[in-house]
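Hi,

Here is the structure I promised to pass on. Have a look at it first, and my notes on what turned up follow below.

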Amino acid sequence: MHPPETTTKMASVRFMVTPTKIDDIPGLSDTSPDLSSRSSSRVRFSSRESVPETSRSEPVSEMSGATTSLATVALDPASDRNSNPQDVTEDPSQNSITGEHSQLLDDGHNKKARNAYLNNSNYEEGDEYFDRNLALFEEEMDTRPKVSSLLNRMANYTNLTQGAKEHEEAENITEGKKKPTKTPQMGTFMGVYLPCLQNIFGVILFLRLTWVVGTAGVLQAFAIVLICCCCTLLTAISMSAIATNGVVPAGGSYFMISRALGPEFGGAVGLCFYLGTTFAAAMYILGAIEIFLVYIVPRAAIFRSEDALKESAAMLNNMRIYGTAFLVLMVLVVFIGVRYVNKFASLFLACVIVSILAIYAGAIKSSFAPPHFPVCMLGNRTLSSRHIDTCSKTKEINNMTVPSKLWGFFCNSSQFFNATCDEYFVHNNVTSIQGIPGLASGVVTENLWSNYLPKGEIIEKSSARSSDVLGNLNHEYVLVDITTSFTLLVGIFFPSVTGIMAGSNRSGDLKDAQKSIPIGTILAILTTSFVYLSNVVLFGACIEGVVLRDKFGDAVKGNLVVGTLSWPSPWVIVIGSFFSTCGAGLQSLTGAPRLLQAIAKDNIIPFLRVFGHSKANGEPTWALLLTAAIAELGILIASLDLVAPILSMFFLMCYLFVNLACALQTLLRTPNWRPRFRYYHWALSFMGMSICLALMFISSWYYAIVAMVIAGMIYKYIEYQGAEKEWGDGIRGLSLSAARFALLRLEEGPPHTKNWRPQLLVLLKLDEDLHVKHPRLLTFASQLKAGKGLTIVGSVIVGNFLENYGEALAAEQTVKHLMEAEKVKGFCQLVVAAKLREGISHLIQSCGLGGMKHNTVVMGWPNGWRQSEDARAWKTFIGTVRVTTAAHLALLVAKNISFFPSNVEQFSEGNIDVWWIVHDGGMLMLLPFLLKQHKVWRKCSIRIFTVAQLEDNSIQMKKDLATFLYHLRIEAEVEVVEMHDSDISAYTYERTLMMEQRSQMLRHMRLSKTERDREAQLVKDRNSMLRLTSIGSDEDEETETYQEKVHMTWTKDKYMASRGQKAKSMEGFQDLLNMRPDQSNVRRMHTAVKLNEVIVNKSHEAKLVLLNMPGPPRNPEGDENYMEFLEVLTEGLERVLLVRGGGSEVITIYS
């Protein structure tokens, strides 16, 4: 045992461990895991021994409002871990760690802050977060989790059903009561294949497919079905690629589209998909009502009409009444017990499968024993058998020939004699043909070709014999109820292939969604495509053409046409199709509100927020009510043939964008685009997209335009409201690719003079609170740009980047909010630099990218520069002018910027005066024209003044200037101001002298202040090597009066020498009285005074004065005088814009 003197004690650290769960983290309720950031908990150490000096504590990042910190205790590695066991104590609620181990823990004050990656409830006591093998990376453990932690989090990931009750439970149930999440167990067959079958097979198969085959013919009907099936198959391939590119949370198709195409497209297409599903419910209800009133209980019709032409209108009213009643009943069922809808889904699917099998059985049986369904024909015209007792003109009763009912329909008397009959009835015989000739009859040859008819035409058999007599239209004929065409049939049939999203909508219930969705969906499409295509052939080969074209089965005694082919009875199809359509309607009314709820919860469409809430039972009640209201609109249309094309539009648009999303992601080669489903290609996606677009306009071009307008309005609304969602979508990637392409094109050469417009770099000044000092500078920039071209707003924060990074971010947000308020469309660029002038120079040099660089710098005039003892303000201004000139950029300096108008002020009259003294590229001509494009300056007139010297011909100058403006297409009033040579006035001389005396006096004052600062520093620290910085200039700049950088060791001799120098500087004040002004300064002052007199005389009432800005002096010694000259030049003017060209022509007279 070691002696006590040499024993190094271990520090015993006691702490509390609170289990954490990912679901408790505020702001991480999204079902997809966030792998980019991590939240840790605060560690509290309580030690009975002192912790060595090597221990350290470092702050860590914050997330979701939880303040976090990491403490790492490091001890002497030579310490023996078990040297003093008595120092380590344990109890059931506490644990201990040595200096080699540390743990992320809860501090007890913020219990809702949880670890985003470690499911700490799975850890046993003594588990360690930091491993001794990872000590090299312990600095990064606060922001980057260990791989084991990450994998553990991913293994426990589950995706909840979007909009379902489980979401509320996951958010509201406390930790102790939370039930373990059940792992989804549904496979491909039950989870994807069968739901897709149920959703694809629908009312169109039983009610309209026979009519489509009879009207379009077998060949064109086969083409219609094939095109529609190819469209859905290609869409399914694209959807499979998207669905297998990562985990798809519940929400299915909407989630895939929105996350692939962004919030604008996602919201627009999501609502189209919702409207399609809602109208699908209306279509299924109308189909169920049609089966009920036409084939099951015809006597239940409330409205009746004896007139054949008015009978369809009465039928529509019956559809509206019964459809509304059915809708109310179904909504109640969905609201009360949605679980029963799901339980009966298998029963409805069984009805569909039995009905289809009955069709195949009947077709096979018809080849050797066709069912007996006679069709009565008058000549080649088809007669309705609903009111005919016998298919003949006469009948035998008690060995007597008497007229039949048919005779009474076509003759005005029931007697043979003195009866006037229809001419066609007299000249043609009544015959009976077999409605179902059978598979072996060869009737398919007659049904190959199309037979499109207008509304009200009689259905005829072309091969039957008939006299060429017109006759009268009789309601006993079977008539065409709607004008038919190929495009109409496409729109009516397409809803029968929709429903391919059913598998992806159940992604939350699938055991392996990435495997099941592609296999199940594609197999379901292949199965249904085979059924549809085979039924087209079977219907054409087994059923007579006139019966196929008879939509409601009038020729076969009111039977469902497809039911006449089925075996063992037509009632199998009738009952089966009725229940399947009711079930499909219930499924649509169940799915549509949840889809709307998912869109509302994404919060990208503000006015839909109310529909994101659920009631206590988890049902989206408000969404259900809206769905019922929209479905009622479809029911009021009352015609299945009119509702189906509307439904087709919305689904086709949805499928179009699924294909677009896949094609974009593939072509852009996004790094995250790695689908497990490999059998996709961008060409297939573009083909599917093209087919969708073609089908939209083929089926109904006006519906297609309406659907696109609705989607476009939703898109612009979301864009206008400012969707702040960032989903890593393909549209963002497309924008980046397009921007890169455009930038590379712009890099090919400088812009032509015709395309030149000011691309602004606006230099803003921030105060101590990081607020913009002169926001009107942004206002003026927005008026000058009017939303066009490039605007970069730049500012400089003086300091160290590592220390001031947070301030820079805060300032950037402040500037962006101001830009948004002033409607400036552009970019914000903030630079942190040690010196202000260096930061401005960096901005001027480096802002922009490629061809999108600024060509004009906008800045404000340094107000109050005369009164300030600090010369850095105006020296920075002149330095910026010099840098701008060196970079060959144009410069706009706004003086008295606070007097410039805001965007809400509009001048009803006034002038914009341009004083064109020297030509510098035409900026002075272009700027007022651009300003007048804005509503503030629109009613102002432009006046252009130019100065003529003694040797100039002012009259000719005015004519030439007017001609020049005419060729420039600029309307302006022209005036030439003559300036004659005159002697320098005493005022000018005195003004110049005062300027030079003031400049000299300020130099002495700054020198004196510098000497006082040196004395104070000498008393504070005599032996330090000092770096003294002049207050009168920028830090590294040297002036004639004194040196800015002084590196010396202060001694008594040097101190006395500095006192002597100070005495000499004080004597300099006496020399000010004996100064004589420099002649060059006198001449410049003379020009400034004379020009100012002329400008104030002519333009004192102008709303804005634009003026050539003189260049800075080559010798920096005259900088202060330069500022004085500019001040004199612009005295007495309310708003002045000093303009300095960049050296290139910016305006041309050529087209």
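A quick convention to begin with: I say a charge sits over a ring if NZ of Lys or CZ of Arg is within 6 Å of the ring centre and within 35 degrees of the ring normal. Arg-381 does this with Tyr-424, lying over the face of the ring at 3.7 Å from its centre. Lys-551 has its charged end over the ring of Trp-211, 4.2 Å from the centre.

Before you go further, note that this is a predicted model, where local features need pLDDT of at least 70 and side-chain atom pairs count only at pLDDT 80 or more, while totals for chains, interfaces and linings use all residues. Residues are numbered from 1 along each chain as its sequence is written, and side-chain values use heavy atoms, with hydrogens and water left out.

**The chain overall**

The protein chain has 32 helices and 20 strands; these are DSSP runs numbered from the N terminus, with helices being H or I of at least four residues and strands E of at least two. Of its 1151 residues, 50% are buried, where buried means under 20% relative accessible area, exposed over 50%, and partly exposed in between (1.4 Å probe, protein chains only). The accessible surface comes to about 56,200 Å², and carbon and sulfur atoms hold 56% of that. Those areas come from the Shrake-Rupley method with a 1.4 Å probe, and for residues only the protein chains shown count as cover. Taking a contact as heavy atoms within 4.5 Å, 81% of the contacts with a separation of 6 or more are between residues 24 or more positions apart.

How many residues of H14 are buried? The count is 23 of the 30, so the helix is largely enclosed by the rest of the structure.

**Aromatic pairs**

For ring pairs I took Phe, Tyr and Trp (its six-membered ring) with centres within 6.5 Å; planes under 30 degrees apart are stacked, over 60 edge-to-face, and the rest tilted. Searching the whole structure gives 29 aromatic pairs. One of them is Phe-265 with Phe-657: the ring centres are 5.2 Å apart and the planes are at 45°, so this pair is tilted. Phe-265 belongs to helix H6 (residues 252-296) and Phe-657 to helix H19 (residues 640-668), so the pair ties together parts that are 392 residues apart in sequence. Phe-657 is buried, at 13% relative accessible area.

Then there is Phe-780 with Phe-900, where the centres are 5.5 Å apart and the planes at 85°, so the pair is edge-to-face. This one also links distant parts of the chain, 120 residues apart: Phe-780 is in helix H23 (residues 776-785), and Phe-900 is in the loop between strand S15 (890-895) and strand S16 (911-916). Phe-780 is buried, with a relative accessible area of 1%, and Phe-900 is buried with a value of 1% too.

If you like clusters, ring pairs join Phe-292, Tyr-322, Phe-326, Phe-578 and Phe-579 into one.

**Cysteines**

With a disulfide taken as a pair of cysteine sulfur atoms within 2.5 Å, the count is 2. Cys-376 is joined to Cys-391, S to S 2.1 Å. The torsion about that S-S bond is about 95°, so the disulfide is right-handed. Cys-376 sits in strand S6 (residues 374-378), and Cys-391 in the loop between strand S7 (381-382) and strand S8 (394-397). Cys-376 is buried at 5% relative accessibility, whereas Cys-391 is partly exposed at 26%.

The other bond joins Cys-411 to Cys-421, S to S 1.7 Å. Its torsion is about 105°, so this disulfide is right-handed as well. Both cysteines are in the loop between helix H10 (405-410) and helix H11 (423-427), 10 residues apart. Cys-411 is buried, at 8%.

Counting bonded cysteines along the chain, the pattern is 1-2, 3-4. Cys-229 is in no disulfide, and the nearest cysteine sulfur, that of Cys-228, is 6.9 Å away. Cys-582 is in no disulfide either; its nearest cysteine sulfur belongs to Cys-351, 9.9 Å away. Cys-582 is buried at 12% relative accessibility.

Cheers
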